[in-house]
Amino acid sequence: MGYRFSYQIKVDYSFQVVRLCIFNRYGDLIDQRMSWSFEQLKSRLEHKLSYLAFILAKKCKLHGQDYFKYLSISFYRLRSFETFLKLLETGIISVSFKLGYFKSGEHYGEIYDHGTSFDISKEDLEKLFEPIYLDLYSNVVRIGMTNVQS
């Protein structure tokens with residue numbers, strides 16, 4: 001019988017970190033040393049996702065070549081780092097560990113790390129991001145409920 005572990009994400013405001021808590025199959029905490037600092041997370045989040053473009057497209061294959069028909073595009077602005085933490089605490093944002101293994105070659109069978117991701121469903125996107133509405137005819141941009149003339 002193999003090992004069975006579970007994990008939980010805990011936002012620790014007193015130490016300003018997000019902890020990865022590992023539990024054994026009996027539910028006992030066995031490790032919580034892995035963490036991300038608020039500073040590190042905030043920096044990466046604001047650098048990579050201050051703004052987001054969500055593009056909906058349909059893919060088709062024609063003569064072995066992939067083609068895309070773009071159906072819509074939506075623009076968003078990150079609400080705040082504090083919102084990110086609250087959504088992480090409530091489980092609306094989850095954490096995934098992307099692992100793979102070599103299927104051939106010199107490293108056949110070895111595991112490699114694709115990285116860690118913080119995931120949110122499309123349905124919950126507006127809890128983390130505010131929509132940006134563009135009116136190209138009147139040069140008006142509306143972020144959330146605020147109008148900005150350009």
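I began with Arg77 and Glu130, whose side chains meet in a salt bridge at 2.7 Å, N to O; I take a salt bridge to be a side-chain nitrogen of Lys or Arg within 4 Å of a carboxyl oxygen of Asp or Glu. This pair links distant parts of the chain, since Arg77 lies in strand β6 and Glu130 in strand β9 (residues 129-135), 53 residues apart. Helices (H or I, at least four residues) and strands (E, at least two) are DSSP runs, numbered from the N terminus. Arg77 is partly exposed at 29% relative accessibility, whereas Glu130 counts as buried at 15%; buried means under 20% relative accessible area, exposed over 50%, and partly exposed in between (1.4 Å probe, protein chains only).

I noted that the model is predicted, that local features need pLDDT of at least 70 and side-chain atom pairs pLDDT 80 or more, while totals for chains, interfaces and linings use all residues. Residues are numbered from 1 along each chain as its sequence is written, and side-chain values use heavy atoms, with hydrogens and water left out.

Next I looked up the other charge pairs, the structure holding eight salt bridges. Asp66 forms one with Lys61, with the closest N and O atoms 3.0 Å apart; Asp66 is partly exposed at 34% relative accessibility, and Lys61 is exposed at 59%. I also found a salt bridge between the side chains of Lys42 and Glu46 (4.0 Å, N to O), two residues that are separated by about one helical turn because they are four residues apart in helix α1.

Strand β6 (residues 65-78) gives the largest share of the patch, four residues.

Last, I looked up the largest pocket, which is lined by 19 residues, with Leu45, Leu49, Phe84, Ser117 and Phe118 nearest its centre. A pocket is an open set of points on a 1 Å grid over the protein atoms alone, where a 1.4 Å probe fits, with protein on both sides within 12 Å along at least five of seven lines, and lining residues have an atom within 4 Å of a point. Helix α1 supplies the largest share of the lining, six residues.
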